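Please go through the chain shown here, from its overall dimensions down to single residues. Keep the coordinates open while reading.

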Amino acid sequence: MGSHNVIMLMIGACLILILFLLFSNPLKALVRVVANGGLGIIGLAAANTLLAPLGVFVGINPVTAAIIGFLGLPGFVALYVAGFIFRV
C-alpha cells in the first residue's frame, strides 16, 4: 500500500468520523423510536392476548408500531382506548 492510499484512507476515516459526530443525535433518536416500536409490538401482542376475551383488539402493523414508537406508553394506551371505543 503506497503512501497515497494511506493518506486517502486516513482522510476517508476522518470524514466518516465527522459525519458520525454530526448525525449522532438524529441517529440516537431513530434508534430510540425503532426500539420503542419493537417493544410496543411485543406489548401489543401480550395485551391482545389478555384483552381478547373483552373483544378489544389492536392490530399489529407498521402504523401502530410507529404510533407507539413516537409516543411511547401514552400512544400504547391511546391505541387501546380507541380500540375499546371503536370496537365493533
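## Basis of the model

This is a predicted model, in which local features need pLDDT of at least 70, side-chain atom pairs count only at pLDDT 80 or more, and totals for chains, interfaces and linings use all residues. Residues are numbered from 1 along each chain as its sequence is written, and side-chain values use heavy atoms, with hydrogens and water left out.

## Overall form

The protein chain has four helices and zero strands. Read from the N terminus, the order of elements is α-α-α-α. Helices (H or I, at least four residues) and strands (E, at least two) are DSSP runs, numbered from the N terminus.

How does the radius of gyration of the protein chain stand against that of a compact globule of 88 residues? The chain has 22 Å, while such a globule would have a value near 12 Å. The radius is taken over C-alpha atoms, and the globule rule is 2.2 Å times the number of residues to the power 0.38. Along the principal axes, the C-alpha atoms fill a box of roughly 70 × 20 × 15 Å.

Of the 88 residues, 20% count as buried. Buried means under 20% relative accessible area, exposed over 50%, and partly exposed in between (1.4 Å probe, protein chains only). Among contacts with a separation of 6 or more, 53% join residues 24 or more positions apart. Contact means heavy atoms within 4.5 Å.

## H2 against H3

Two packed helices are described by the angle between their axes and the distance between the axes. Helix H2 covers residues 24–51, and its axis lies 7 Å from that of H3 at an angle of about 120°. Axes are lines fitted to C-alpha atoms, for helices over the stretch in contact, and angles run from 0 to 180 degrees between N-to-C directions. H2 and H3 are therefore oblique to each other. The classes are roughly parallel under 35 degrees, roughly antiparallel over 145, roughly perpendicular from 65 to 115, and oblique for the rest.

H2 passes H3 in a right-handed crossing. A crossing is right-handed if the near helix is turned clockwise from the far one by less than a right angle, and left-handed if anticlockwise. On the H2 side, the contact uses Val 33, Asn 36, Gly 37, Gly 40, Ile 41 and Leu 44. H3 supplies Thr 64, Ala 65, Ile 68, Gly 69 and Phe 70. By class, this contact has six nonpolar, five polar and no charged residues. Ala, Val, Leu, Ile, Met, Phe, Trp, Tyr, Cys and Pro count as nonpolar, Asp, Glu, Lys and Arg as charged, and the others, Gly among them, as polar.

## H3 against H4

Helix H4 spans residues 73–85. The axes of H3 and H4 come within 6 Å and cross at roughly 140°. That makes H3 oblique to H4. The contact involves Thr 64, Ile 67, Ile 68 and Leu 71 of H3. From H4 come Leu 73, Pro 74, Gly 75, Phe 76 and Leu 79. Seven of these residues are nonpolar, two are polar and none is charged.

## Buried residues in the helices

Thr 64 sits in helix H3, residues 62–71. Is Thr 64 buried or exposed? Thr 64 counts as buried because its relative accessibility is 7%. Beyond neighbours within four places in sequence, Thr 64 contacts Leu 44, Val 58, Gly 59 and Leu 79.

Gly 69 is also part of H3. Its relative accessible area is 4%, so Gly 69 is buried. Not counting residues up to four places away, Gly 69 touches Val 33, Asn 36 and Gly 37. Its C-alpha atom is 9.4 Å from that of Ile 41, 28 residues apart along the chain. Asn 48 belongs to H2 and is buried at 6%. With neighbours within four places set aside, Asn 48 contacts Val 56, Phe 57, Val 58, Ile 60 and Tyr 80.

Phe 57 lies in the loop between H2 and H3. At 58% relative accessibility, Phe 57 counts as exposed. Phe 57 and Leu 9 are 48 residues apart along the chain, with 54 Å between their C-alpha atoms. Asn 61 is in the loop between H2 and H3 and is partly exposed at 34%.

Val 81 is in H4. With 43% relative accessibility, Val 81 counts as partly exposed. C-alpha to C-alpha, Val 81 is 20 Å from Gly 38, and the two are 43 residues apart in sequence.
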